[in-house]
Amino acid sequence: MPFRKTLSTVSGVALAATLSACAALPGGGGNVPSASTPITPEEAQMGAQANPELLQQFGGRMTGPTATYVEGVGKNIAVHSGLGNAREDFTVALLNSSVNNAFAIPGGYIYTTRQLVGLMNNEAELAGVLGHEVGHVAARHSQRRQAKAQQNALLGAVGSILSQVLLGSDGLGGLLSQGSQQIAQLVTLKYSREQETQADQLGITYLSRAGYDPTAMSTVLYSLALQNNLDAALKGQNATVPEWASTHPDPASRVQAARAQAQGLPGTITNRDTFLSRIDGLLYGDDPAQGVIEGDTFIQPELRLSFRAPNGFYMVNSTQAVSINGQSGQAQLTFAPYSGSLDNYIRSAFAKLGGQQTNLAPSSIQRTTVNGIPAAYGVARANTQSGQVDVIVFAYEFANDRAYHFQAITPAGRSGVFTPMFESMRRISAQEAANVVPRRIDVVTVGSGDSVASLARRMAYSNAQEQRFRVLNGLGQSDSLRAGQKVKIVVRAN
């Protein structure tokens, strides 16, 4: 990824190609195994081929006691799917990603991010999320979704065949989407929502079979809805997404549906204290190895660079790129192989953005220097269904064999909105790099004099402390604390 020392990337197209045979499992003819069929050798091979690339794309597989605990819970819930040999056939990975997400691929490969685990409040919620993903595997949703995509001429374009969990992905995607792909994608949206609903139902069934409190699915969905609302508020956006425009059912409706399904089902286990003890100290938010966002500033301490987002824009960090989003445009900071020529580097970036069907190239390339860093940029105008846009590539040479670049898109004539950001790129000192300290979860016991307000003041954030504390602990606005209760706060690691 671009902001690690390991400069390698994963192509979503290549991943889709790796898994494109899903729709023809097993034995050709487009037949998809039933939900009661054990994982087939073809599915196992397919998942094994894709697994290394997915681990790399999503920050790598974490190790240690927390990862082992998550793996154990996942394998235990998989047993209750009814699939033969489930404990041995399923692979469960905790990912080093700051995005709230989980997903599954054929062959029994289940993934959840550390950020999503940190949002949970008991083991039953963890089992519910992992059970949701087991449900995707058992019901062969990836294969069925891919088959539907093929019917709509969308192979490799509907999006990844990852079974995105719950509130969906913060994936960055391409800057230039083809209108035909967007239209065809809408054709398959309802199909995906039905899959997500079925996966919720299967996950709740597995919870009850395992003796867990089946309402845990609704409570983790509630926490995710709270997080979704908070994230939108911090970005100055409306969190409401109409159901027809999302591949996942509306969060509020899913909470209600999950709560209703759990009524009357047996199961009481939550293992709250055990769960909290296992995630105590878990990395929360950005990993400095991938760069961190502090307010309007992005800092990469290992690569010794920093920049500021324009006013009114917000940033999303991932293991693949940093995205900068606003009403007047969007951009990414990323990288590509560099051979010493900024001109060639920029033209190659334009060619990649344009793809095989679009001849996207700048009219000229301008050389400049930004805070002592050799730089160059080019602008190309392109036609889209929404009108003309300007595509900008602004590249920086950090070493003879290393360069980074912004790729941005704005309405035609408005590329200047990103000029302050382009000009803010700078090298940072060793001391600045050393001052970047990660955040971690700290599990504390509520004292007799503690309150939501007093504990929230210990959160390692300069804004929205109480809102963040409530969301982290699944607390509504009217919920209070009691002495002796264990709760999570986020602190700076020592």
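**Entry 1. Second largest pocket**

I looked up the lining of the second largest pocket in this predicted model and found 20 residues. Nearest the centre of this pocket lie Asn121, Asn122, Glu125, Arg272 and Asn473. I noted a volume of about 340 Å³ for the second largest pocket.

I then asked which helices each supply at least two residues of this lining. They include α9 (216–234) and α11 (272–279). The largest share, four residues, comes from α9.

By class, I recorded 10 polar, seven charged and three nonpolar residues in the lining of the second largest pocket.

**Entry 2. The protein as a whole**

I recorded 16 helices and 17 strands in the protein. The chain has 494 residues, and buried residues make up 53% of them.

**Entry 3. A four-stranded open sheet**

I traced an open sheet of four strands and wrote down the order β5-β6-β7-β15, with antiparallel pairing. Which strands lie at the edges? They are β5 (292–294) and β15 (426–427), each of which pairs on one side only.

I followed the contact of β15 with its neighbour: β7 (residues 305–308) pairs with β15 over two bridges in the antiparallel sense. Within this pairing, I found Arg426 of β15 as the bridge partner of Ser306.

I next examined strand β10 (residues 329–335) and asked how many of its seven residues are buried.

On one pairing, five bridges join β10 to β9 (residues 322–326), and the two strands run antiparallel. β9 and β10 form a hairpin, with two residues between them. I noted Ala331 in β10 as the bridge partner of Ile324.

I then looked up the pairing of β10 with β14 (residues 402–411): six bridges join these strands, which are again antiparallel. Here Gln330 stands opposite Ile409 in β14.

Key: Residues are numbered from 1 along each chain as its sequence is written. This is a predicted model: local features need pLDDT of at least 70, side-chain atom pairs count only at pLDDT 80 or more; totals for chains, interfaces and linings use all residues. Side-chain values use heavy atoms; hydrogens and water are left out. On a 1 Å grid over the protein atoms alone, a cavity is a set of points where a 1.4 Å probe fits but cannot get out, and a pocket is an open set with protein on both sides within 12 Å along at least five of seven lines; lining residues have an atom within 4 Å of a point. Grid points are joined across faces, edges and corners, and a volume is the space filled by probe spheres set on the points. Ala, Val, Leu, Ile, Met, Phe, Trp, Tyr, Cys and Pro count as nonpolar, Asp, Glu, Lys and Arg as charged, and the others, Gly among them, as polar. Two strands pair if DSSP finds at least two bridges between them. Buried means under 20% relative accessible area, exposed over 50%, partly exposed in between (1.4 Å probe, protein chains only).
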